[in-house]
Amino acid sequence: MTNSISHDDLMQEHLKDKDYQRIYLETSLDEFAKDGNIDAFIRSLQYVVKARGRGAISALAKELNIDRSNLSDILNGKVQPKISTTLKLINGLGYKIQLKRA
């Protein structure tokens, strides 16, 4: 019998690395710019927040001055955030968006 790991568990393991988080979010943002699938991008943000460990949602909500339950609803795909909220989330995770020529 072989050992196996679920995709989500493997992603969570990789996403513990901050450099991997950055690359993952960059790739996800590039895909969002191409296909407009905000749900997939928000799911990427959710994976990164979850990888940061227990209490990450509460800490991020407090830092961004966003209601914890609202942030949780955003990250669980129940509420679609405004672009300004999405940018706050990205900044709150320690990243910034840069424009580059295509």
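At 70% relative accessibility, Asn65 counts as exposed; the cut-offs are over 50% for exposed, under 20% for buried and partly exposed in between, with a 1.4 Å probe and protein chains only. The model is a predicted one, with local features needing pLDDT of at least 70, side-chain atom pairs counting only at pLDDT 80 or more, and totals for chains, interfaces and linings using all residues. Residues are numbered from 1 along each chain as its sequence is written, and side-chain values use heavy atoms, with hydrogens and water left out.

Back to Asn65, then. This residue sits in the loop between α4 and α5, just after α4. Helices here are DSSP runs (H or I, at least four residues), numbered from the N terminus. Most residues other than glycine have a negative phi. Asn65 is not a glycine, yet its phi is positive, at about 55 degrees.

Helix α4 itself covers residues 56-64, and its buried residues are Ala56, Leu60, Ala61 and Leu64. These four are on the same side of α4, because they cover an arc of only 130 degrees around the axis (the arc is that of the directions from the helix axis to the C-beta atoms). Their cover includes α3, α5 (68-75) and α6.

The α4 and α5 pair comes next. Their axes come within 9 Å and cross at roughly 115 degrees; axes are lines fitted to C-alpha atoms, for helices over the stretch in contact, and angles run from 0 to 180 degrees between N-to-C directions. The crossing of α4 past α5 is right-handed, a term used if the near helix is turned clockwise from the far one by less than a right angle, with left-handed for anticlockwise. On the α4 side, Ile57, Ser58, Leu60 and Ala61 make the contact, and on the α5 side it is Arg68, Leu71, Ser72 and Leu75. Contact means heavy atoms within 4.5 Å. By class, five of these residues are nonpolar, two polar and one charged; Ala, Val, Leu, Ile, Met, Phe, Trp, Tyr, Cys and Pro count as nonpolar, Asp, Glu, Lys and Arg as charged, and the others, Gly among them, as polar.

Helix α3 (residues 38-51) packs with helix α6 (residues 83-92) at an angle of about 30 degrees, the axes being 11 Å apart. That makes the two roughly parallel, on a scale where angles under 35 degrees are roughly parallel, over 145 roughly antiparallel, 65 to 115 roughly perpendicular and the rest oblique. α3 passes α6 in a left-handed crossing. Phe41, Ile42 and Leu45 of α3 meet Thr86, Leu89 and Ile90 of α6, giving five nonpolar residues, one polar and no charged. Thr86 of helix α6 is buried, at 6% relative accessibility. Neighbours within four places in sequence aside, Thr86 is in contact with Phe41, Ile42, Leu45 and Pro81.

α3 also packs with α2, at an angle of about 170 degrees and with the axes 8 Å apart, which means that α2 is roughly antiparallel to α3. From α2, the contact takes in Gln21, Tyr24, Leu25, Ser28, Leu29 and Phe32; from α3, Ile38, Ala40, Phe41, Ser44, Leu45, Tyr47, Val48 and Ala51. Eleven of these are nonpolar, three polar and none charged. The loop between α2 (18-35) and α3 holds Asn37, a partly exposed residue with a relative accessible area of 35%. From Asn37 to Met11 is 20 Å in space, C-alpha to C-alpha, and 26 residues in sequence.
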